[in-house]
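The sequence and the structure are shown first, and the description follows.

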Amino acid sequence: MDAPLRAVPRGGAGRREGRLSPVPPASESPAPDLDALPAGSPEGKGPGLDRLGRRLLVPLGLGVLVVVGLALTANPRELARSLRVFDLRLLVPVLALSLFNYGLRWMRWEIYLRRVGATLSKGRSLAVFLVGFLLSVTPGKAGELGKAWLVRELGGGPALRVVPAVLAERVTDLLGVLLLIALGSLPFPGGPWIAAAGLAGVAVAVAVLTWRSLAELLFRWLGRLPVVGPRVPRLVEVYDRLRSLLSPGLLLFALALAVLAWGAEGVGFFLVVRQYAPKAGLLLSIFNYTGSTFLGALSMLPGGLGAAEGALAALLHGQGLDTADAGSVTLVTRGATLWFAVLLGLLAVPFLARWLGRRRGAAPEAAT
């Protein structure tokens with residue numbers, strides 16, 4: 001059980017001690033057939049690395065609005081003062097934990113690629129994985145299909161063969177985050193019951209994913225519902241594509257990697273929070289981080305921008321940190337997770353562009 005916590009008092013007018021205590025948190029279009037487009041053709045550009053710069057303007061603009069919003073909410077001078085208190089040396093372990101997250105998720109990506117029969121060197125696989133961070137923050141969540149297209153363009157095999165790997169990543173990430181939310185709810189009143197319900201929900205989801213007859217029964221029931229029913233054929237299509245990656249052993253292993261990966265970033269968030277509330281509890285910190293991450297994903301905004309920051313700052317403020325400190329923790333955390341991932345993706349773009357250019361240049365020569 002995490003004990004109530006008291007923030008470090010600092011001087012300055014209007015400043016007060018903060019106390020962290022658990023409180024409850026406050027149209028579809030068909031997917032394009034990527035393999036129906038010839039490799040290297042203008043119509044087959046997939047996410048289009050040549051247009052990536054323009055696509056990134058939207059998340060960059062949203063990021064600026066988030067900073068402005070947090071500054072106006074907290075008072076810019078108070079936010080700046082709070083940020084200066086943060087010990088920059090702490091970024092070393094926090095960024096290392098983010099790298100640990102990415103490393104585990106790349107390991108899972110590699111396992112999925114091998115399982116679906118995609119033939120890609122580890123270096124190119126890593127570049128695709130990192131550029132996927134960029135694609136996932138662009139409008140329309142282009143990264144969901146963009147990685148499959150990039151594997152195809154690099155000679156790894158048909159894109160439709162890789163789509164299940166991308167879908168399996170999202171499914172196991174979702175289940176892993178839900179497990180961590182359940183674990184992090186333990187400090188709340190009635191927390192053990194909330195955690196048990198969360199664990200039971202994830203267990204049911206794993207059973208449905210791995211047991212086809214149970215999944216078919218669920219789809220038949222969903223098909224009778226007025227709103228969900230028309231979308232059931234799409235769910236069945238996604239499920240059928242995932243079948244090759246849904247063996248119980250592989251699913252549980254991938255889920256364990258997801259829990260460790262997102263848990264590592266939760267620990268990084270915990271280290272940041274302790275700069276402002278030294279007695280912050282680890283479980284409560286994991287709940288705050290994964291809960292805001294989940295809400296950001298539900299928002300369908302690029303990278304969860306705006307929604308994740310707002311949820312995280314609101315949770316911290318509701319648990320006792322003043323607005324400026326809550327904004328500082330939010331900015332540092334998102335910088336060391338989302339924007340650090342974007343930076344790594346940008347560093348991988350030149351390598352990927354060079355490899356794609358070589359393949360496209362070699363294709364006309366092979367045809368002559």
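## Two residues with positive phi

Met300 is placed in the loop between helix H11 (282-298) and helix H12 (307-318). The model described here is a predicted one. The phi of Met300 is near 65°, a positive value in a residue other than glycine. Most residues other than glycine have a negative phi. Met300 counts as exposed, because its relative accessibility of 57% is over the 50% cut-off.

Asn75 also has a positive phi, near 90°, and is likewise a residue other than glycine. Its place is in the loop between helix H1 (52-74) and helix H2 (76-85). With a relative accessible area of 36%, Asn75 is partly exposed.

## The chain as a whole

The chain contains 14 helices and two strands. Of its 368 residues, 46% are buried.

## The largest cavity

Which residues line the largest cavity? The lining consists of Val94, Leu97, Ser98, Glu265, Gly268, Phe269, Val272, Thr333 and Thr337. The space in this cavity amounts to about 40 Å³.

Helix H3 (91-116) and helix H10 (248-273) each supply at least two residues of the lining. H10 gives the most, with four residues. Sorted by class, the lining has four nonpolar, four polar and one charged residues.

## Salt bridges within helices

Side chains of opposite charge can pair when their charged atoms come close. A search of the whole structure finds 12 salt bridges. In one of them, the side chains of Arg81 and Glu78 meet at 2.8 Å, N to O. Both residues lie in helix H2, three residues apart, which is about one turn of the helix.

Helix H3, already named for its part in the cavity lining, holds the pair Arg114 and Glu110. The side chains of these residues meet in a salt bridge at 3.1 Å, N to O. Arg114 and Glu110 are four residues apart in the helix, so about one helical turn separates them. Arg114 is partly exposed, at a relative accessible area of 38%. Glu110 counts as buried, because its relative accessibility of 8% is under the 20% cut-off.

## A network of salt bridges

Which residues are linked in a network of salt bridges? The members are Arg108, Lys147, Glu169, Arg170 and Asp173. Within this group, the side chains of Glu169 and Arg170 meet in a salt bridge at 3.9 Å, N to O. That value lies within the 4 Å cut-off, and the contact therefore counts as a salt bridge.

The two residues of this pair fall into separate accessibility classes. Glu169 counts as buried, at 1% relative accessibility, while Arg170 counts as partly exposed, at 30%.

Definitions and conventions:
Residues are numbered from 1 along each chain as its sequence is written. This is a predicted model: local features need pLDDT of at least 70, side-chain atom pairs count only at pLDDT 80 or more; totals for chains, interfaces and linings use all residues. Side-chain values use heavy atoms; hydrogens and water are left out. On a 1 Å grid over the protein atoms alone, a cavity is a set of points where a 1.4 Å probe fits but cannot get out, and a pocket is an open set with protein on both sides within 12 Å along at least five of seven lines; lining residues have an atom within 4 Å of a point. Grid points are joined across faces, edges and corners, and a volume is the space filled by probe spheres set on the points. Ala, Val, Leu, Ile, Met, Phe, Trp, Tyr, Cys and Pro count as nonpolar, Asp, Glu, Lys and Arg as charged, and the others, Gly among them, as polar. Buried means under 20% relative accessible area, exposed over 50%, partly exposed in between (1.4 Å probe, protein chains only).
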